[in-house]
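Biologist: Can we go through this one together? I'd like to start with the rings and then move on to the helix packing.
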Amino acid sequence: MKAGSSTPDSTPVRIARRQAHHPRHRLVVALLGLLFLFPMGYLAWGTLSLGGDFWATVASERTLRPLGNSLLIATATAIACMFLGTGLAWLVARTDLVARRLWRVVLPLPLVIPSFVGATALLSAFGRGGLVPFLPRIEGFWGAFIVLTALSYPYVYLPVLARLSTTIPTLEEASRLLGSHPVRTMTRVVLPNIRDTIFAGTLLVFLYGLSDFGGVALMRYDTITRAIYSSRLFDRATSLTLGLVLAVLALAVAAIERSATPRRRLGRGVGREQVRYRLRRFAAPAVALASGVVGVALVAPVGVFALWVVRGSTTVGVGYSGVGDGLGFLLRPILNSAVASVVAGLCAVAVTLPVAYSAARRRNWLSNAASASVTSVFALPGLVVALAVVFWAIQAPGPLAAVYQTFPLLVLAYVLHFGAQSMRASQAAISDVPPHYEDAARTLGVDARRRFLTIDLPLVMPGLITGGGLVLLSTLKELPATLLLAPIGFETLATRIWNAAEDGFFAEVGITSLVLILLSGILTWMFVLRRELRV
C-alpha cells in the first residue's frame with residue numbers, strides 16, 4: 001500500500017486498533033483461557049498428587065480392556081456413520097429422491113434423542129413385553145453400536161448436506177458432458193471435494209462414541225467411561241488416571257479434527273443450481289433406506305415410549321402409572337431442566353464472548369491460545385469434566401468446599417463443557433461484521449464500550465442466540481455431569497429418566513422421554529435445523 005493512503009487499513013487506523021487492545025481486556029481473556037484449562041490441569045495434578053502408579057494403572061487389564069472396548073465401539077460407530085451420513089446427504093442433496101424436502105427435515109431429528117433414552121427404548125423393544133417379543137433382547141456391543149449409530153449419523157449428515165448444497169457444480173457438469181458415469185463422477189469429482197467435511201464429521205462421531213456414558217452403561221458394555229464412573233467413589237486414583245487417559249485421547253482426536261477442518265470457506269456455489277442425478281431403478285431402495293433409518297432412529301423409540309404410556313405400569317401407585325394419571329410429577333423436572341439450560345446458555349454466551357471477540361478482532365497468540373483452551377474442553381467427555389469439578393470441590397479449602405453439589409457448580413460444569421459451542425457461533429457472527437463500522441465510530445470519538453453496545457452487539461445478536469441455544473440444547477440432554485454435580489433433590493428430565501429406568505418404571509420412562517424429545521425437538525428446530533434448511 002502506498003504511503004498516504006486513506007483506506008480503512010491505513011496506518012492511523014492500525015495504530016488506533018493497537019491502542020484499543022486494553023490490558024484489562026487481555027487480562028480477562030487470559031483468565032478465561034486458564035479457567036477452561038482447569039479440567040485437564042486438575043486431572044493431571046490429581047493423578048500425580050494421589051501418588052498412584054500411573055503407568056501400572058494404564059497398563060493393567062482393568063484399564064486396557066475397557067479402553068479397547070471404547071476404541072472399538074467409537075471406531076465402528078464412526079465408520080458406520082461415515083457411510084450412512086454421507087450416503088443419506090448425497091441422496092437428499094443430489095438426487096431425485098421422492099419427498100426430498102420431507103427427508104431433509106426428518107433425517108436430522110434423531111439428534112434430539114439422548115443415547116441413554118435410545119438405549120432404554122432398544123432394550124425394551126425386544127424380548128418379553130416388547131414391540132417384537134419373539135426376538136431376543138439386544139445388549140452389549142451390538143446394542144451399543146445400533147444405538148450410537150442410529151443417533152450419531154446426523155453429525156456427518158448435516159455438514160455433508162450443507163457442503164453438497166454449496167459446492168461449485170462446474171466440474172460435475174463437465175464430467176457429465178464428457179459422458180462419465182454418475183458413480184464415477186461421484187467417486188472422482190464429488191468425494192474429493194467433500195472428503196475433509198466427511199472426515200471432520202466422522203471424527204466428531206468418534207469423539208461422541210468415545211465419551212458416551214448413558215447408552216453403553218445401559219447396554220452393559222464395559223467401556224472406560226463406565227470404569228471411571230464405577231471407581232469414582234472407592235478408587236479416586238484409578239478414576240482420575242482413567243479420566244486423564246480418556247482426556248488425552250479425546251484431545252488428540254480433536255487436534256486431528258482441527259487440522260482436517262478447512263481454513264478457507266469453499267461455499268462459493270451458494271445459490272447455484274446443483275447437479276441432480278436420477279435414481280431410476282434405485283429409487284425404491286433409496287426410499288427404503290431413508291425410511292428404515294428414520295424408523296429405527298426416531299419412530300421406533302417414540303413408538304416404544306408411547307406403548308409404555310398406553311400400557312401403563314404394573315406398579316400402580318408408584319410414580320406414573322399410565323394414561324389417566326396426572327403429569328404434575330414432571331413439573332419440577334421440567335422447571336429444573338429449563339432453568340439449568342437457560343442459565344447455562346446465558347452464562348456460556350457471557351463467559352466466552354470476550355474470547356470470541358478477541359479471536360475474531362484481535363488475533364494474537366493470547367487470543368489464539370484462549371480460543372484453543374475453550375475448544376479443547378468440548379473434546380473432553382462430560383463425565384471427565386464433571387469428575388474434575390467434583391474432586392476439586394471435595395478438596396476445596398475453606399468456604400469453597402461449600403460449593404459442592406450446588407447449582408452454581410453444576411452450571412460451571414455445563415459452561416466448561418459446552419462453552420465452545422457458544423464461542424464458535426459468537427466468533428463467526430463477529431467475523432461477519434464489517435470492520436469499517438468500528439473504524440468509522442472510532443474516528444468519530446466513540447469509546448469502545450459504546451461501540452460494542454450500539455454497533456457490534458445488535459449485529460451479532462443472532463449468532464449469540466444461536467450459540468446460547470446450542471448450549472441450552474446440550475445441557476437439556478446432559479446426564480453424567482447432572483448425576484455427579486446436581487444439588488440434592490435437584491432432578492432434571494434426564495436424571496428422572498435414568499432413575500425411572502433403573503427402577504423399572506417404564507410408563508414413567510415413556511412419558512418423561514416423550515416430553516424430553518418434544519422439548520429437544522423444538523430447540524433443535526429453532527437453533528439447528530432452521531438455519532441448515534435455509535441453504
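Biologist: How many aromatic pairs does a search of the whole structure find?

Modeller: The search finds twelve aromatic pairs. Bear in mind that this is a predicted model.

Biologist: Take Phe 407 and Phe 490. What kind of aromatic pair do they form?

Modeller: A tilted one. The ring centres of Phe 407 and Phe 490 are 5.7 Å apart, with 55° between the planes. The cut-off for edge-to-face is over 60 degrees and stacked needs under 30, so 55° falls in the tilted class.

Biologist: Where do Phe 407 and Phe 490 lie?

Modeller: Phe 407 is in helix H19, residues 407-431. Phe 490 is in the loop between helix H22 (480-485) and helix H23 (493-503). The two parts are 83 residues apart in sequence, so the pair ties them together.

Biologist: And Phe 490, buried or exposed?

Modeller: Phe 490 is buried, with a relative accessible area of 17%. Phe 407 counts as partly exposed, at 25% relative accessibility.

Biologist: Which residues form an aromatic cluster?

Modeller: One cluster is made up of Phe 38, Tyr 42, Trp 45 and Trp 392.

Biologist: Back to H19. At what angle do the axes of H17 and H19 cross?

Modeller: Roughly 130°, and the axes come within 7 Å. H17 covers residues 365-379. That angle makes H17 oblique to H19, and their crossing is left-handed.

Biologist: Which residues in H17 meet H19?

Modeller: From H17, they are Ser 371, Val 374, Thr 375, Val 377 and Phe 378. On the H19 side, the residues met include Leu 416, Phe 418, Gly 419, Met 423, Arg 424 and Gln 427. By class, the contact of H17 with H19 has seven nonpolar, six polar and one charged residues.

Biologist: Next, H7 and H15. How do their axes cross?

Modeller: The axes of H7 (residues 115-125) and H15 (residues 283-311) cross at roughly 70° and come within 9 Å. H7 is therefore roughly perpendicular to H15. This crossing of H7 and H15 is left-handed.

Biologist: What makes the contact there?

Modeller: H7 contributes Val 117, Thr 120, Ala 121, Ser 124 and Ala 125. H15 contributes Pro 301, Val 304, Phe 305 and Trp 308. The residues of the contact of H7 with H15 divide into seven nonpolar, two polar and no charged.

Biologist: Changing topic: where is Ser 341, and what does Ser 341 touch?

Modeller: Ser 341 lies in helix H16. Leaving aside residues up to four places away in sequence, Ser 341 touches Leu 472, Thr 475 and Leu 476. Ser 341 counts as buried, at 1% relative accessibility.

Biologist: What about Tyr 357, buried or exposed?

Modeller: Buried, with a relative accessible area of 9% for Tyr 357. Tyr 357 also lies in H16, which spans residues 331-361.

Biologist: Last one: where is Ala 99 found?

Modeller: In the loop between helix H5 (61-94) and helix H6 (100-106). Ala 99 counts as partly exposed, at 38% relative accessibility. The C-alpha atoms of Ala 99 and Val 287 are 8.9 Å apart, and these residues are 188 residues apart along the chain.

Key:
Residues are numbered from 1 along each chain as its sequence is written. This is a predicted model: local features need pLDDT of at least 70, side-chain atom pairs count only at pLDDT 80 or more; totals for chains, interfaces and linings use all residues. Side-chain values use heavy atoms; hydrogens and water are left out. Rings of Phe, Tyr and Trp (its six-membered ring) pair if their centres lie within 6.5 Å; planes under 30 degrees apart count as stacked, over 60 as edge-to-face and the rest as tilted. Helices (H or I, at least four residues) and strands (E, at least two) are DSSP runs, numbered from the N terminus. Buried means under 20% relative accessible area, exposed over 50%, partly exposed in between (1.4 Å probe, protein chains only). Axes are lines fitted to C-alpha atoms, for helices over the stretch in contact, and angles run from 0 to 180 degrees between N-to-C directions. Angles under 35 degrees count as roughly parallel, over 145 as roughly antiparallel, 65 to 115 as roughly perpendicular and the rest as oblique. A crossing is left-handed if the near helix is turned anticlockwise from the far one by less than a right angle, and right-handed if clockwise. Contact means heavy atoms within 4.5 Å. Ala, Val, Leu, Ile, Met, Phe, Trp, Tyr, Cys and Pro count as nonpolar, Asp, Glu, Lys and Arg as charged, and the others, Gly among them, as polar.
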